Amino acid sequence: AARRRLGEVTYLRDDAIRVTSLASCRTRTLVPRGADGPLRFSPSGRWIAYGQGTVVSADGRSILRPLGAKAVDWTWVAHHDDLLVGVTVAGGVVYGRPGQTPRRSQPDGWGAFGVVADQDGSRLAIARGSDRRNRDAQIWTADPDDPGRPRLAYRLPNATAAVQVAGFTPGGQILFWPNRLGSASLEADGLALQALAPGLHQVTTVTTSMLLNRDWIARCGQRVALTVGGDRRANLDKALALSEPPNVRVVANLAGGSRSWISPDCTPDGHIIVAAAGPNRHEHSFGDERRSIWSVSPESARRVRLTPSPPTHISDEDPRVSPDGKWVMFVRSGPLRRERLPGRLYLASITGTRLVGPLATIGPGVSYYGEPSWHDQVDWHVVR
């Protein structure tokens, strides 16, 4: 019964999409070739979206394009019967469900380039640049039940060249990264994360610098856990921090120092944060981060190592907590072989007393400046 509650995991193996049941350990191939990430289960678990908005049914019988066009960014919307929303290559916004005709919310050329949904599916946040050079950066909101009527939520100062939406806080504030100079190089070394209060046009700086990775922002009860720190090297000076309402500014750095901390996730009650941490140093080569999985208590900052210190060229990455809060899934990556970084899926108990696996071999992946790609190559679905 405990194994059945762990559900299924989908992952990329080369360019094939596979699904493994954690109850039976049986594996099936859904897409035999030509697939790429990111992979995301739909809220019901009946579909898996991948690449530029293609979806495959969980039984592998149907491959569809519910958005009708390739998307540069997309998201499933919770509690809306497997609704997928995407931003087209030409800057339009499209809504679609598998097997139904897509609905065009905004035409190509509108200037959209990013979209996120809040956890309860009640709102979308869309990043937009309204002129040809994307110098008039804006954030729009939309109701998934009324997609044809988005509303301008915030127009960033005139000097702002671009904006990327990052997510929502539990209190409904929109998280975003403003890129005031439009510089890709500055963006690669991190930007300030800011929060927009709904309906008030009030902006709060959550942290002055972090890398632009949505997966490094995790809901933690009524708080938000995140990885903070500039510099594009993920294994250098990254700290685990906690943001708390109502002002959402970072209130505590929970872990840093001799280790660099990335990829936070939380137990459903928010009492434990898990993260990957490795030596805080310049790496000798990509793929040599030597991270372990740790748990951290937000109240006491007590830290517990859940996986042992790995040998050279091996690294434990991308921890995710099961819905019952008892298990952590992670990827053990390495060693690097001819620019190919293999990965293996494991489960660790939240207490660090048990290690199960490998459950599957995934990848290959990359570790660019110490920032792993596994989150786009694997997803976990559990029927709650």
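**Legends: fold, surface and Thr207**

View 1. Of the contacts with a separation of 6 or more, 41% join residues 24 or more positions apart; contact means heavy atoms within 4.5 Å. This is a predicted model: local features need pLDDT of at least 70, side-chain atom pairs need 80 or more, and totals for chains, interfaces and linings use all residues. Numbering starts from 1 along each chain as its sequence is written, and side-chain values use heavy atoms, without hydrogens and water.

**View 2. Secondary structure and dimensions.** The C-alpha atoms fill a box of roughly 50 × 50 × 40 Å along the principal axes.

View 3. Accessible surface comes to about 16,800 Å², by the Shrake-Rupley method with a 1.4 Å probe. Carbon and sulfur atoms supply 47% of this surface. The chain carries 48 positive and 36 negative side chains. Lys and Arg count as positive, Asp and Glu as negative; His and the chain ends are not counted. The centres of the two sets lie 3 Å apart, with charges placed at NZ of Lys, CZ of Arg, CG of Asp or CD of Glu.

View 4. Thr207 sits in strand S19, residues 203-210. Thr207 counts as buried because its relative accessibility is 11%; buried means under 20% relative accessible area (1.4 Å probe, protein chains only). Leaving out residues up to four places away in sequence, Thr207 touches Ala192, Leu193, Leu226, Val228 and Val250.

Terms used. Helices (H or I, at least four residues) and strands (E, at least two) are DSSP runs, numbered from the N terminus. Buried means under 20% relative accessible area, exposed over 50%, partly exposed in between (1.4 Å probe, protein chains only).
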